[in-house]
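Welcome, and thanks for taking a look at this one with me. Below are a few points to read alongside the viewer.

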Amino acid sequence: MKYNFDKIIDRRNTNSYKWDTTPKDVLPMWVADMDFKVATPIVDSILLRTLHGVFGYSSIPEKYYDAEINWWKNRHCFKIEKEWIEPTVGVIPSLSAIVQAFCKAGDKVLIQTPVYNYFNSSIKNNGCEIVSNELVYEGESYSINFSDFEEKVKDEKVKLFILCNPHNPVGRVWSKEELKKMGDLCIKNNVIIVSDDIHRDIVYSDFVYTPIISISKEFLENFIVCTAPSKTFNLAGLKTSNIIVANQEFKKKINRSLNINEAIEPNVFGIEALISAYTFADDWLDELLVYLEKNRDFFIEYIKKNIPELNVIKLEATYLLWIDCSKLNIKSEVLAQKIKKLGRLRIASGITYGKNGENFIRINIACPMKTLQEGVKRLHSAIDLIKANH
Ligand SMILES: Cc1ncc(COP(=O)(O)O)c(C=O)c1O
């Protein structure tokens, strides 16, 4: 191993949203960023740019597009063109701009709950209505209710479907067959798919990520994908992402919408970080994936052995474990508060991601093994105390 993911880095007093909004004696395992130092080439490129000392407005260099194109080709076996890339300042700002570009107030946007909660804001803040094709919980994993999906996309008011692939929080990587079925139904009913693929690089062995636009020419012309190096390389604070859209009419509309919201200026350090991450940090990512897989297996084993009241959902992708707590019979908000109070551990409550997340909690396992061991111990003692007092 070239990189030391065991190293504990003190993130307190760095304006960290995860750590500095959490009381000092509470361990934060909630928001989705990692407690690992980023790859050396990324730090070096930012340092080099810092030394220049002038940080005025920036433009996107050719190297940025090359880096994005090569990452798609080398990591995801799909050839994209420079003309398809629309650089943006985050996936959520991108989704908001896309909703604005393709929907008017009163239109409906489809999502699959439980799902990343900021999808709701992007839809509601634009005066649109949320429609949910609720995912089906099958005890071990989740699947799609296709007859309900078809029913929902048939509604003429549904203009857009925000897909999450891989899915946060249920941890699924959608198979090619599932994507094709959803895509075909959307094409048939004139619904555009925007696929949020921010978690595409954190996929565990035995699972394969398929970009929906790679499935057919028709999908490529009608669907949009959002990507970012932020989850993959722990760069969320640098506010740099891309929209991949082959249809140039769509692209014009999205560009206009991004401009209306002035959400288009690239971040001076984000540009450097994306180039170095996608060009020089694939070995870091390979090592990270091995480390995260060990974290995942350790956590699941511990819970199976020691906390039988909890059921961890199979994690195919992302570093966010989704845990069924229904046996405890406590609402997830209350449960999260109790875990914080009794176990000094901060996790995310499932209800955040939709009504059908009510019996769940979400735990971020992207931290050094020692921190993870401490986290699961705190969870264990909290659950013991909750059971004793219930
Ligand atoms: C599915 C998903 N989309 C988007 C985001 C946030 O993206 P950004 O910070 O680029 O707006 C997250 C963050 O956790 C996420 O899980």
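Before the first point, a word on terms: a helix axis here is a line fitted to C-alpha atoms over the stretch in contact, and the angle between two axes runs from 0 to 180 degrees between N-to-C directions. Please also keep in mind that this is a predicted model.

1. Let's begin with a pair of helices. Helix α3, residues 62–76, packs against helix α11, residues 268–280, at an angle of about 35 degrees. Their axes are 9 Å apart, and the crossing of α3 past α11 is left-handed.

2. Which residues make this contact? From α3 come K63, Y64, A67, E68 and W71. From α11 come I271, L274, I275, A277, Y278 and T279. By type, the residues of the contact between α3 and α11 divide into eight nonpolar, one polar and two charged.

3. Next, the annotation. An unreviewed UniProt entry lists residues 71–379 as "domain: Aminotransferase class I/classII large". In the model, the chain over residues 71–379 is 42% helix and 17% strand. The end C-alpha atoms of residues 71–379 are 38 Å apart.

4. Now for the backbone. If you want to find P114, go to the loop between β3 (108–111) and α5 (118–124).

5. Another cis bond runs from N165 to P166, and its omega is near -5 degrees. Where does P166 lie? Look in the loop between β7 (158–164) and α7 (176–188).

6. Phi angles come next. Most residues other than glycine have a negative phi. N13, however, has a positive phi, near 60 degrees. You will find N13 in the segment before α1 (17–20). Is N13 buried or exposed? Its relative accessibility is 67%, and because exposed means over 50%, N13 counts as exposed.

7. D206 also has a positive phi, near 80 degrees, and is a residue other than glycine. D206 sits in the loop between β8 (192–196) and α8 (217–222). With a relative accessible area of 78%, D206 is exposed, because the cut-off for that word is over 50%.

Notes
Residues numbered from 1 in each chain as written. Predicted model: local features only at pLDDT ≥ 70, side-chain atom pairs only at ≥ 80, totals over all residues. Heavy atoms only, no water. Helix = DSSP H or I, 4+ residues; strand = E, 2+ residues; numbered from the N terminus. Left-handed = near helix turned anticlockwise from the far one by under 90°. Contact = heavy atoms within 4.5 Å. Nonpolar A, V, L, I, M, F, W, Y, C, P; charged D, E, K, R; others polar. UniProt positions renumbered as here; feature names shortened; annotations may be inferred. Buried < 20%, exposed > 50% of the residue type's maximum accessible area, 1.4 Å probe, protein only.
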